Amino acid sequence: EWEFSGDMIRMPEFCAPALGNKNNVVTIEADVPENGSGVLYALGSGAGGLTCYADNGRLHYEYNLFILQRTKIASETAIAPGRHTITVTTQYAEVRPGGPLNISIAVDGSEVASGTVPISAPLLFTANDCLDIGTCLGSPVSMDYRERAPFPFEGHIHRVHVAYA
């Protein structure tokens with residue numbers, strides 16, 4: 001398990017939690033502004049990684065499998081402004097290297113989006129990029145916020161808890 005402050009940046013991927021290839025739950029406690037935007041967390045880079053971010057209040061998750069395949073999952077509606085607990089749960093649909101992952105995003109215990117990453121990265125995404133919370137300081141994981149990089153979160157992240165499931 002890991003406990004991070006809301007401003008933890010540049011933790012090398014080989015030291016960070018393996019969010020892209022282990023069963024895990026990321027729990028974020030944050031103050032979300034009305035129609036808020038910005039990266040909640042990003043692991044890896046534009047060459048491969050994953051990210052969870054808000055855009056105009058809607059939550060987004062993207063799994064970038066080495067540019068070859070991008071899986072995007074998004075909530076239908078915007079999060080109400082205020083303090084919320086956002087959880088991103090990753091579970092293997094098939095436990096094997098490169099196996100598919102089921103992703104579920106919840107706000108205050110209610111699922112708002114889900115989907116399946118068809119192929120996961122069996123090891124690391126990069127040897128030279130990092131885990132960032134509240135921003136994406138390296139090469140942007142998602143092309144959807146590339147022009148707004150480093151795309152800092154407009155609200156306040158109190159803490160991020162990561163646990164392997």
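Two strands count as paired when DSSP finds at least two bridges between them, and strands (E, at least two residues) are DSSP runs numbered from the N terminus, as are helices (H or I, at least four). With that in hand, welcome to this predicted model, where local features need pLDDT of at least 70, side-chain atom pairs count only at pLDDT 80 or more, and totals for chains, interfaces and linings use all residues. Residues are numbered from 1 along each chain as its sequence is written, and side-chain values use heavy atoms, leaving out hydrogens and water.

**Strand pairing around β3**

- Strand β3 (residues 24–32) runs antiparallel to strand β8 (residues 82–92), and nine bridges join the two.
- Within β8, I86 is the bridge partner of I28.
- Strand β3 is also joined to β12 by eight bridges, again in an antiparallel arrangement.
- Here T27 has H161 of β12 as its bridge partner.

**Aromatic rings**

- Rings of Phe, Tyr and Trp (its six-membered ring) pair if their centres lie within 6.5 Å; planes under 30 degrees apart count as stacked, over 60 as edge-to-face and the rest as tilted.
- By this rule there are six aromatic pairs.
- One of them is Y53 with F151, an edge-to-face pair at 6.1 Å centre to centre and 65 degrees between the planes.
- Y53 belongs to strand β5 (residues 48–55) and F151 to the loop between β11 (130–133) and β12 (156–164), so this pair ties together parts that are 98 residues apart in sequence.
- Y145 and F151 are stacked, because their ring centres are 5.2 Å apart and their planes are at 25 degrees.
- Ring pairs therefore link Y53, Y145 and F151 into a cluster.
- Buried means under 20% relative accessible area, exposed over 50%, and partly exposed in between (1.4 Å probe, protein chains only).
- Y53 is buried at 2%, F151 is buried at 6%, and Y145 is buried at 0%.

**A charge over a ring**

- A charge sits over a ring if NZ of Lys or CZ of Arg is within 6 Å of the ring centre and within 35 degrees of the ring normal.
- The charged end of K22 sits this way over the ring of Y164, 5.9 Å from its centre.

**Backbone details in the loops**

- Most residues other than glycine have a negative phi, and most peptide bonds are trans.
- A149 and P150 are joined by a cis peptide bond, with omega about 10 degrees, and P150 lies in the loop between β11 and β12.
- I67 has a positive phi near 70 degrees; I67 is in the loop between β6 (58–65) and β7 (69–74) and is exposed at 53% relative accessible area.
- D108 also has a positive phi, about 50 degrees; D108 is in the loop between β9 (101–107) and β10 (110–117) and is partly exposed at 45%.
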